[in-house]
Amino acid sequence: RDVEAADSPESPSVTYEDVGGLDDELDQVREMIELPMTHPELFQALGIEPPQGVLLHGPPGTGKTLIAKAVANEIDANFSTISGPEIMSKYHGESEERLREVFEEAGENEPSIIFIDEIDSIAPKRDDTQGEVERRVVAQLLSLMDGLEDRGQVTVIGTTNRVDSIDNALRRGGRFDREIEIGVPDTEGRHEVLQIHTREMPIADDVDLEQYADNTHGFVGADLESLVREAAMNALRRVRPDLDLEGDEISAETLETLEVTEKDLRS
Ligand code: ATP
């Protein structure tokens, strides 16, 4: 399962339950990526080729990586990560070599998802900003994608914050020809994300998450996650002076008194 060439070889443990406020987006992901992998016969019977590349685009911290990991985990697919900026910092020829390795390993471990984070740094629009290295790396990526068999057992997911900053050659048929926008969550979405990230927290009864969802306009998933993490840290700071941290393990009774309150969330 390990893909040596990947930045972080892993089989992610996130599930669809961990993704908040993106029901429609998740539905599209499942149709474009999950279904061809689990039921290729449907696509064969209909005479259509499953997508080989899907672009997830939207602002930072909205859950693009999370969704990709969730789909890989749900269908038990091998997951290899390539970081756009990191691969571009390699020495001459190494970037292409790395891409080839990842694609090769993915092919040997089907079903596989190849996740290319910040793909715009590999394949910026072909204008003056695209130098010799980018041209070579894009050419390599395109040829690897063209070489994928069309059974849908290897899918490449690319992410970007700006979809129109990507080389158009990458968005042609048979490459990244599907796009899903992962936007900033609305109130209901924020509520779902807050619920997910407080699932394991001892939240006090006076805390009204719906109200926090109302008051956090413009927050993305990552912001909401740090908001509740910070609240839990505030709860810890509140009780810390009263704890005997030099002694034995803190007792279960004491741990049970830990609580994240309204005030912890506000400060
Ligand atoms: P970037 O463009 O910066 O790579 P991203 O869209 O890939 O951002 P993620 O890495 O998926 O963002 O999000 C960072 C963290 O924020 C996630 O690990 C998760 O804990 C939290 N998060 C973001 N979006 C959501 C969401 N929709 N539901 C639940 N948690 C979320």
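Trainee: Which polar side-chain atom lies 2.9 Å from a nitrogen atom of the ligand?
Mentor: That atom belongs to H197. Please bear in mind that this is a predicted model.

Trainee: And how much of the ligand's accessible area does the protein cover?
Mentor: On its own the ligand has 630 Å² of accessible area, and the protein covers 79% of that.

Trainee: Where does the ligand sit?
Mentor: The ligand is placed in the largest pocket.

Trainee: Which residues of the shell come nearest?
Mentor: There are 18 residues around the ligand, and the nearest are G20, G61, K64, T65 and H197.

Trainee: How many residues of the shell are nonpolar, polar and charged?
Mentor: The shell around the ligand comprises six nonpolar, eight polar and four charged residues.

Trainee: Changing topic: how many aromatic pairs does the structure hold?
Mentor: It holds one aromatic pair.

Trainee: Why is the pair of F79 and F115 stacked?
Mentor: The ring planes of F79 and F115 are at 25° and the ring centres are 5.6 Å apart, so the pair counts as stacked. The cut-off for stacking is planes under 30 degrees apart.

Trainee: Where in the chain are the two partners?
Mentor: F79 belongs to strand β2 (residues 78-83) and F115 to strand β3 (residues 112-117). They are 36 residues apart, and the pair thus links distant parts of the chain.

Trainee: On to the backbone. Which residues does a cis peptide bond join?
Mentor: The cis peptide bond is between E110 and P111, with omega at about -5°. P111 itself is located in the loop between α5 (94-108) and β3.

Trainee: Which residue has a positive phi although it is not a glycine?
Mentor: That is D76, whose phi is about 60°.

Trainee: Where is D76 found?
Mentor: D76 lies in the loop that runs between α3 and β2.

Notes
Residues are numbered from 1 along each chain as its sequence is written. This is a predicted model: local features need pLDDT of at least 70, side-chain atom pairs count only at pLDDT 80 or more; totals for chains, interfaces and linings use all residues. Side-chain values use heavy atoms; hydrogens and water are left out. A residue is near a molecule or strand if one of its heavy atoms lies within 4 Å of it. A polar contact is a pair of N or O atoms within 3.5 Å; within protein, one must be able to donate a hydrogen and the other to accept it, and residues adjacent in sequence count only if both atoms are side-chain atoms. Accessible areas come from the Shrake-Rupley method with a 1.4 Å probe; for residues, only the protein chains shown count as cover. On a 1 Å grid over the protein atoms alone, a cavity is a set of points where a 1.4 Å probe fits but cannot get out, and a pocket is an open set with protein on both sides within 12 Å along at least five of seven lines; lining residues have an atom within 4 Å of a point. A molecule sits in a cavity or pocket if more than half of its atoms lie within 2 Å of its grid points. Ala, Val, Leu, Ile, Met, Phe, Trp, Tyr, Cys and Pro count as nonpolar, Asp, Glu, Lys and Arg as charged, and the others, Gly among them, as polar. Rings of Phe, Tyr and Trp (its six-membered ring) pair if their centres lie within 6.5 Å; planes under 30 degrees apart count as stacked, over 60 as edge-to-face and the rest as tilted. Helices (H or I, at least four residues) and strands (E, at least two) are DSSP runs, numbered from the N terminus.
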